[in-house]
Amino acid sequence: MESVKKKTVYKLMGTIVGLTAVLFAVIYFFHLQDDAVKVASAVKGGPPALSYYIQGDMSDPLDKPMDVTKIGQFVYVTDTNHKQVQVFDSSGTPIFKFGKKGTGKGQFQFPYGIAGDKAGNVYVADLYNAKISVFTSKGKFIKYFEVKDKKDAFKSPGGLRIYNDMMYVTDIQKGKVMEFDLKGKKLLEISSATAKDDRLNAPNAVTIDDDRNIYVSDTGNQRLVVYDKNGKFIRLINGSTDGKGDSKFVNPRGIGIQGDGTLLMVDNMTHYVYGFDKKGKQVFQLGGIGADKEQFYLPNGLFIDDKGEIFITDTVNKRVALYY
């Protein structure tokens with residue numbers, strides 16, 4: 001009798017072990033499937049997957065985050081309504097913040113575009129103070145970015161990107177995109193698109209690909225403009241065939257380039273993020289108005305790091321979405 005009981009118990013234990021193994025196998029299989037979907041999506045230029053949100057701590061959450069960048073292991077966000085920059089680690093945990101309201105050194109009126117150099121220094125464009133401030137990675141003010149020629153002084157610096165020790169900046173009031181070395185010497189200026197009389201109108205964001213092609217969100221004209229490294233016009237992108245039809249964009253803002261060459265753009269007032277291939281053809285869209293998961297309300301800034309992680313500032317929802 002005792003022998004029968006033991007056999008029954010052993011059978012039951014064996015069944016439990018077997019079911020547990022099957023369960024873990026199923027979980028592992030779906031985990032691999034999920035990873036495979038993410039990889040396939042990245043390879044094929046499909047829409048990225050939402051990972052998590054950055055919002056700040058409960059006592060001091062983000063308020064109108066306008067732009068974002070990643071420098072080293074830290075994520076820097078222009079927390080515009082608080083007149084400061086908030087800094088987070090790679091998991092989204094708040095680390096520190098710097099800046100306050102004012103017109104003096106290390107102070108902001110409307111902190112907007114943000115970028116970092118190879119040394120880890122942080123560059124912040126202040127739309128209303130008409131200055132670009134340079135800080136250490138820990139938020140200590142170093143200096144204002146000084147241009148060599150006074151006629152190149154900023155009126156309303158907006159978007160910033162630093163690529164191979166070259167700084168690209170949009171001046172929204174001047175309707176220009178300029179390239180400087182980090183010592184302040186202007187190397188290139190762009191103020192028109194297809195022809196001299198086709199002027200940029202309130203250009204907002206700028207980014208660079210590995211071939212040094214320059215991409216600009218020409219916000220007032222509801223389009224993206226692509227130039228080669230010398231500022232020569234290449235193409236327009238506005239959601240229509242070859243960019244020749246009416247634009248589907250309403251207030252295009254942040255832009256970035258994925259590793260496979262896919263161009264991502266935040267369309268502020270439609271609340272969507274679009275993806276385009278190298279020829280400017282739309283390959284996906286994500287988002288839509290709302291406060292739920294994978295929705296946006298007036299998104300603005302976009303940054304893609306060297307790992308392919310995508311950061312999008314969601315201004316009204318007071319958060320930064322991380323996609324991969």
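I began with strand β23, where I found Y272 standing opposite G287. I kept in mind that this is a predicted model, in which local features need pLDDT of at least 70 and side-chain atom pairs count only at pLDDT 80 or more, while totals for chains, interfaces and linings use all residues. Residues are numbered from 1 along each chain as its sequence is written, and side-chain values use heavy atoms, with hydrogens and water left out.

I then looked up the pairing of β22 (residues 272-276) with β23 (residues 282-287), which run antiparallel and are joined by five bridges; strands here are DSSP E runs of at least two residues, numbered from the N terminus, and two of them pair if DSSP finds at least two bridges between them. Five residues lie between the strands of this hairpin, and G280 takes a positive phi near 90° there.

Next I turned to the open sheet of four strands, whose order is β12-β13-β14-β15 with antiparallel pairing. Its edge strands are β12 (157-163) and β15 (186-190), each of which pairs on one side only. I noted five bridges between β12 and the antiparallel strand β13 (residues 166-171), and I saw that P157 stands opposite D171 in β13.

Last, I checked V316, which lies in the loop between β25 (310-314) and β26 (319-323). I recorded V316 as partly exposed, because its relative accessible area is 41%, and this class falls between buried, under 20%, and exposed, over 50%, with a 1.4 Å probe and protein chains only.
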